[in-house]
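This briefing concerns the pairing of charged side chains. Please have the sequence and the model at hand while reading.

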Amino acid sequence: MKAVVAGAAGGIGQPLSLLLKACPLVDHLSLYDVVNTPGVTADLSHISSIAKIDGYLPADDGMKKALTGADIVIIPAGIPRKPGMTRDDLFKINAGIVRGLIEGVAEHCPDAFVLVISNPVNSTVPIAAEVLTAAGNFNAKKLFGVTTLDVVRAETFVQAITGTKDPAQTVIPVIGGHSGETIVPLFSQAKPSVDIPKEKLDELTKRVQQGGDEVVKAKDGAGSATLSMAYAGYRFAERVMQAAKGKSGIVESTFVYLPGVEGGDAIAKETGCNYFSVPVELGKEGAVKAHNIIGSANEYEKKLLQTCYGELKGNIEKGIDFVKNPPQK
């Protein structure tokens, strides 16, 4: 199993690379970034774990060397959000970065699983799909937007109410997109079920939706949610790798191209969105089946979903338009 981190020297990339270096599922870890990759690689190379490691800069065909032979490519590349900056402000810069990396994937490892962390995910995943389609290499079962941090936050924040020892043992589906009001936690579908007092539901929902802002504010200009995002990205990557190696019964919420995944057409029809995060069963070839749990949402959640649909459609269209009508330099 060869894993690649594209954007490995950044705030998310470094802790994500550390987790992957320590992961027994990874035999070969390649790091790629436009700066500082040699230093990060040297540091991690001293860790006594299975994965052999190498790192590359753009010079001397670095991207080609990093990506060739990859089984899974995780992309946290891009600039972080700063105080007062919306996810939208990030768009033009990060969209161009993701487009360039996906062009590399299409050329050097078209069969790899591709996990997009770079924000805004609601737009960068459609960008990736359009680039791969143009190259004739799009496999919807292998392209994932990583929305796991929303799930991790929902699990963590609910623990304050339930008091369970291990928050990860409560499975809470979070569907929709990966920014603000497009994030829809379905607390009514939690397993085991959780009893959330009515007066706390608004606050809890908003905290999951705006969790990133909480961290940006606390870091006071020194960064965004990098460590928790690295953990969430690793958790999802680990599940993808476990499924690829034959483990069955793995279901994770992730942002996918619905028409390309079994069960997705019905969800696309119901939501009016071709991209949407839902619980997806993972297998050896990637996304096996999208689970439609929208009909199970309660009235409170259905109102949240109505708000989500409109905003998410705009985000998706923006990503597609970026590839089809590139901004003039």
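Glu155 has a relative accessibility of 6% and therefore counts as buried, where buried means under 20% relative accessible area, exposed over 50%, and partly exposed in between, with a 1.4 Å probe and protein chains only. The model is predicted: local features need pLDDT of at least 70, side-chain atom pairs count only at pLDDT 80 or more, and totals for chains, interfaces and linings use all residues. Residues are numbered from 1 along each chain as its sequence is written, and side-chain values use heavy atoms, with hydrogens and water left out.

**Salt bridges across the chain**

- Four salt bridges are found in the whole structure, each being a side-chain nitrogen of Lys or Arg within 4 Å of a carboxyl oxygen of Asp or Glu.
- One of them joins Glu155 to Arg235, at 2.9 Å from N to O.
- This pair connects distant parts of the chain, 80 residues apart: Glu155 is in helix 6 (residues 148-162) and Arg235 in helix 9 (residues 227-244).
- Helices (H or I, at least four residues) and strands (E, at least two) are DSSP runs, numbered from the N terminus.
- Arg235 is also buried, at 7% relative accessibility.
- Glu252 and Arg239 form another salt bridge, with their closest N and O atoms 2.2 Å apart.
- Glu252 lies in strand 9 (residues 250-257) and Arg239 in helix 9, 13 residues apart.
- Glu252 is buried at 8%, whereas Arg239 is partly exposed at 24%.

- Lys302 pairs with Glu299, the closest N and O atoms being 3.9 Å apart.
- Both residues belong to helix 11 (residues 299-324), three residues apart, about one turn of the helix.
- Lys302 is partly exposed at 33%, and Glu299 is exposed at 57%.
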